[in-house]
There are 2 protein chains.
Amino acid sequence: VKVLRRAAIVAVGSELLTPLRVDTNSLFITRELNGIGIDVVLKVAVGDDRRELADVLRAVAPRADLVICCGGLGPTDDDVTREVAAEVFGRPLVEDMARTAALRDRFAARGLEGPMPENNRRQAMVPAGAEVIENALGSAPGLWLEEPGAVVLLLPGPPRELEPMLRMLAAGRLRERSQQAVIVRRVVTVAGRIESETDERLRPLYLEWARAPVPVSATILAAPGQIELHLSARGPRDAADSAVEEAARQAAGRLGADVISVDGRSLEQVVGGLLVANGLTIAVAESCTGGLITSRLTDVPGSSSYVKQGIVAYANEAKSALLGVAPATIDEHGAVSGAVAAAMAAGIRVRAGVDVGLGVTGIAGPDGGSPGKPVGTVFAAVASAAGSRARRFQFFGERERVKFQACQAALDMVRRLLMGR
Amino acid sequence: VKVLRRAAIVAVGSELLTPLRVDTNSLFITRELNGIGIDVVLKVAVGDDRRELADVLRAVAPRADLVICCGGLGPTDDDVTREVAAEVFGRPLVEDMARTAALRDRFAARGLEGPMPENNRRQAMVPAGAEVIENALGSAPGLWLEEPGAVVLLLPGPPRELEPMLRMLAAGRLRERSQQAVIVRRVVTVAGRIESETDERLRPLYLEWARAPVPVSATILAAPGQIELHLSARGPRDAADSAVEEAARQAAGRLGADVISVDGRSLEQVVGGLLVANGLTIAVAESCTGGLITSRLTDVPGSSSYVKQGIVAYANEAKSALLGVAPATIDEHGAVSGAVAAAMAAGIRVRAGVDVGLGVTGIAGPDGGSPGKPVGTVFAAVASAAGSRARRFQFFGERERVKFQACQAALDMVRRLLMGR
């Protein structure tokens, strides 16, 4: 039995060839495969087109030990993966009658009216000799084809169906077939520095890492609102783990308080962790970010224990009525000002009875800018028992990008406050 | 000279085969190519690996009229695209001495110390017979290789360099070589139906569309919280435009009030449009969605004219203090109940002085579920001059997925209210 080292991922769906969609399943798949020492050497996106898909499967199968093909297993005429794989690998399709019955039951159980549409039966067709991989969350099962040169795995496209199926395979039969070395990755996230400066500061470490017994490779990438240092090492899990951990530790040592996390945790997770660790609560008063800060904070499981309240107040009257911002402050400094951000932070802190108040006001665009305060001007303030401080930022780009960056900058102010620096 | 109809995009870079990065240049490239009538039939991501890239170029070139290969043209040893293309297409590399001199000037002009690293000379190597495409924003020029079966275009990876270069080509020589037809796309979004049912209902139209003078192709996709019908047609711009427009109109006729939009507008854009058209204002009281509804509503430019307020109230006391939910209602029905959602909607409507109040309460998970109200249970309510109505939903998946679906369902209730059905 061939050891699985090299994988190719084929994403099927005409929508992936439009300007509107990009395949993201492959990111999850890559993470799972890397975790059991399988490298991804090729990714392909192809449309719901029999001939194109057949060409791709024929071209890709000889180049990989494992081909994971996702999408195109649904009930519609567009869903051609099952038929094409059957044809390319010379396996006639056979209807699995038990599966057809199960599909009918599943359809009936969902309380839908009328009989199951006949096209759903396609999902019960199985290429001869293929093994069926159960799909607990959808009607399209996965299929495992053991070909002479490669394992070909067909999985459904919806992430919530694909992910648990692949996770199970990666913990079970794929792991048994993989080599014993793994690829370990780790991301160090950094706020408040630019890419080239971060690179310059870390350069002396790169050579050291490259020469280590388990070499660590490093790449610096600029992401919205942060810089990321991507570290990876391949080897026995323990050795690779400690190599990237040590590298992350050294990088963090050189970057100091600008490091958000050394384990890929998001800024909202880090802030949440610091609030829990210090037994503190937070409330957020937002204007231009429109609820995004509160939403990101509450993406973290368990956040209801420390996020006490969020108020989105665009209008000046709402800022006064809900947050106690004095109309005179608005008149004097303008609604977009450090003084108003500070008053919003202080106001929600007192009214919500929390330890930390965060206030953000700005101009997300596309309208509302002025020469003195162009689109992208944002003021953020944190208020705590130690008083309040406000900062001015200038962001660039479209409305959503400004919102995101404002959110990132504001949460980073909370992070630095909680770290005491 | 061959007309360019079918393009393949090859993205080169080992980072694109990690779990952390996905190629997005291809979205921009696809938009530009579609605009001049060129279809993308295949996308490939491959690492900085000579053998793999050579295999990909050999496999892809016969399948497309135009191969656009991006990335791997830089000065480092990792940058192999130029050499590999030269080898695959049998063109020796020739140093362009004028270009080497220009690179030295560019290096000196940036005020860097010492002589230019010899590595940089690689960027002056040109495959014999290739035309150089100038890069105004970086040191790696593009290369145009006229092969017998296909045009092979090598472009730098950084979007700010690639985009202006491709835009120029698409307005000039690529357009001259393309057929005179364009590809027009349109997305119809649908709420409250499942994929197979939508498909079943639209099936009679597919055949009609396929047979029309300008045929329209259709794909149905399940996206989080909605179903999408992707329509596309190829032809002279006006004919293609009216073909997809007519198809969208027919699809909308069959799907009725479940259609969110026939032009790809998001639910929040549609709701915003309906509010503006009716001169109405809205305020949102959120619990489990944590601010996401307000954030999505305010992603729409101009939303500050109709989104008056958002309040995120997790704690029961906050629901009472900020929204006027009677403690007795919470005691009797529980914080996650239709009665509380309705009271939240009615409360914020009155307190914010708006026309429409939206209230959402639920259990996003992973904790907090009970047998009667498992994780994913969500109640949403809309309040207006006509009174208030609440609905119960059951969603599945992780916290962020539940949040998103709850958000979608709640906004869809507002949409239906504003449409009067």
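The buried residues of helix α11 of chain A pack against β13 (282-286), β14 (307-313), α12 (327-333), α13 and β15 (356-362) of chain A, and also against β14 (307-313) of chain B. Contact here means heavy atoms within 4.5 Å. Helices (H or I, at least four residues) and strands (E, at least two) are DSSP runs numbered from the N terminus. The model is predicted: local features need pLDDT of at least 70, side-chain atom pairs count only at pLDDT 80 or more, and totals for chains, interfaces and linings use all residues. Residues are numbered from 1 along each chain as its sequence is written, chains are lettered from A and ligands numbered from 1 in the order in which they are written, and side-chain values use heavy atoms, with hydrogens and water left out.

In α11(A), the buried residues (under 20% relative accessible area, with exposed over 50% and partly exposed in between; 1.4 Å probe, protein chains only) are Ala318(A), Lys319(A), Ser320(A), Leu322(A) and Leu323(A). After α11(A) comes Gly324(A), which has a positive phi near 70°.

Two packed helices are described by the angle between their axes and the distance between the axes. In chain A, the axes of α11 (residues 316-323) and α13 (residues 338-352) come within 9 Å and cross at roughly 35°. Axes are lines fitted to C-alpha atoms, for helices over the stretch in contact, and angles run from 0 to 180 degrees between N-to-C directions. On the α11(A) side, Lys319(A), Ser320(A), Ala321(A), Leu322(A) and Leu323(A) take part; they meet Val340(A), Ala343(A), Met344(A), Gly347(A), Ile348(A) and Arg351(A) of α13(A). This contact comprises 7 nonpolar, 2 polar and 2 charged residues. Ala, Val, Leu, Ile, Met, Phe, Trp, Tyr, Cys and Pro count as nonpolar, Asp, Glu, Lys and Arg as charged, and the others, Gly among them, as polar.

In chain B, α11 (residues 316-323) and α13 (residues 338-352) pack at about 35°, with axes 9 Å apart.

Over all chains there are 4 aromatic pairs, including the two tabulated below. Rings of Phe, Tyr and Trp (its six-membered ring) pair if their centres lie within 6.5 Å; planes under 30 degrees apart count as stacked, over 60 as edge-to-face and the rest as tilted.

| Pair | Centre distance | Plane angle | Class |
|---|---|---|---|
| Phe393(A), Phe395(A) | 5.6 Å | 10° | stacked |
| Phe393(B), Phe395(B) | 5.6 Å | 10° | stacked |

Phe393(A) and Phe395(A) are both buried. Phe393(B) counts as buried because its relative accessibility is 11%.
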